[in-house]
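User: I am new to reading protein models. Can you walk me through a few features?

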Amino acid sequence: MRDGSARTPRTMTTAGGEAMQKYLAEAVGTFVLVLGGVGAAVLAGDRIGFLGVAFAFGLSLLAMVYTVGPISGCHVNPAVTVGLLMAGKFDKRHVAGYVIAQCVGAIVAAGVVLLIAKGMPGGYSASAEGLGSNGYGAASPEGFGGGAAFLAEVFLTFVLVLTVLGATDSRAPVGFAGLAIGLVLTLIHLVGIPITNTSVNPARSLGPALFAGADALKQLWMFIIAPLLGAAFASAVYRLVHRPAVQITATRAEQATEEERRERLAGRRDVEHPV
């Protein structure tokens, strides 16, 4: 006889498989973000300048929003995950899995960038050149001090997370969140690169710092704490100014409209799985 207990293992297996898909999507998305952004800074920074690096980060995120967004919501950033959690738009059961996946993706991407960079004429030293790591004081591109760097990271992360929360609001146009999020990341880098090389993402900072070592690791604390504070601030402000009648997940908001999805699936049933 088949009863509810007999179906439980299959249900648990399905849920576990869906969770792993989300974690893998986050790892891949973060990998592409760091490979595109940090790779541009390390391998082509002297040719494309701050403007080019800013667009590399923004375009990388924009692409991933539409690639892995329907699977995981495309957080690719522990600060975004925390902000969505505090705003009630993310399931706390997946926080650890998302953050670990994001950090793994960033570390692997930084390693790939380093391997490519070592092929330069004369080679490349991550400890000497920094591998696009974040920093303040002597490690800041323009010599900004720790106080200014901390404030910049807090408020630039605030802008990023608030944009993510607003763009994935139930009243926002469905399917267009990626444009707003990708463009605001570009804007943030235009402001922040001269100050800290722009983190606003603890995973993005962790990856290069592990290979750069020394000062990058000593200063890593700022690029973990400041973005998380900015995310908490953004969540608090969002809750004050946005009071949607219906709450939707970030994953849902980054998908196309229902009509477009039905056409793409050619009659297949569309089942929405919240993050």
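Analyst: We will take cysteines, backbone angles and helix packing in turn. Keep in mind that this is a predicted model.

User: How many disulfides does a search of the whole structure find?

Analyst: A disulfide is a covalent bond between the sulfur atoms of two cysteines. Here the search of the whole structure finds zero.

User: Is Cys-74 buried or exposed? And Cys-103?

Analyst: Buried means under 20% relative accessible area. Cys-74 has 6% relative accessibility, so it counts as buried. Cys-103 has a relative accessible area of 18%, so it is buried too.

User: Now the backbone. What is the phi of Val-76?

Analyst: Val-76 has a positive phi of about 45 degrees, yet it is not a glycine. Find Val-76 in the loop between helix 2 (69-72) and helix 3 (78-86). Val-76 counts as buried because its relative accessibility is 2%.

User: Where does Leu-131 lie?

Analyst: Look in the loop between helix 5 (126-129) and helix 6 (146-167). Leu-131 has a positive phi, near 55 degrees, and is a residue other than glycine. Its relative accessible area is 0%, so Leu-131 is buried.

User: At what angle do helix 3 and helix 6 pack?

Analyst: The angle is about 55 degrees, and the axes are 10 Å apart. The two helices are therefore oblique to each other. Helix 3 passes helix 6 in a right-handed crossing.

User: Which residues in helix 3 and helix 6 meet?

Analyst: From helix 3 come Ala-79, Val-80, Gly-83 and Leu-84. In helix 6 they meet Thr-157, Leu-160, Val-161, Val-164 and Leu-165. By class, this contact has seven nonpolar, two polar and no charged residues.

Key
Residues numbered from 1 in each chain as written. Predicted model: local features only at pLDDT ≥ 70, side-chain atom pairs only at ≥ 80, totals over all residues. Heavy atoms only, no water. Disulfide = S-S within 2.5 Å. Buried < 20%, exposed > 50% of the residue type's maximum accessible area, 1.4 Å probe, protein only. Helix = DSSP H or I, 4+ residues; strand = E, 2+ residues; numbered from the N terminus. Axes fitted to C-alpha atoms, helices over the stretch in contact; angles between N-to-C directions. Parallel < 35°, antiparallel > 145°, perpendicular 65-115°, else oblique. Left-handed = near helix turned anticlockwise from the far one by under 90°. Contact = heavy atoms within 4.5 Å. Nonpolar A, V, L, I, M, F, W, Y, C, P; charged D, E, K, R; others polar.
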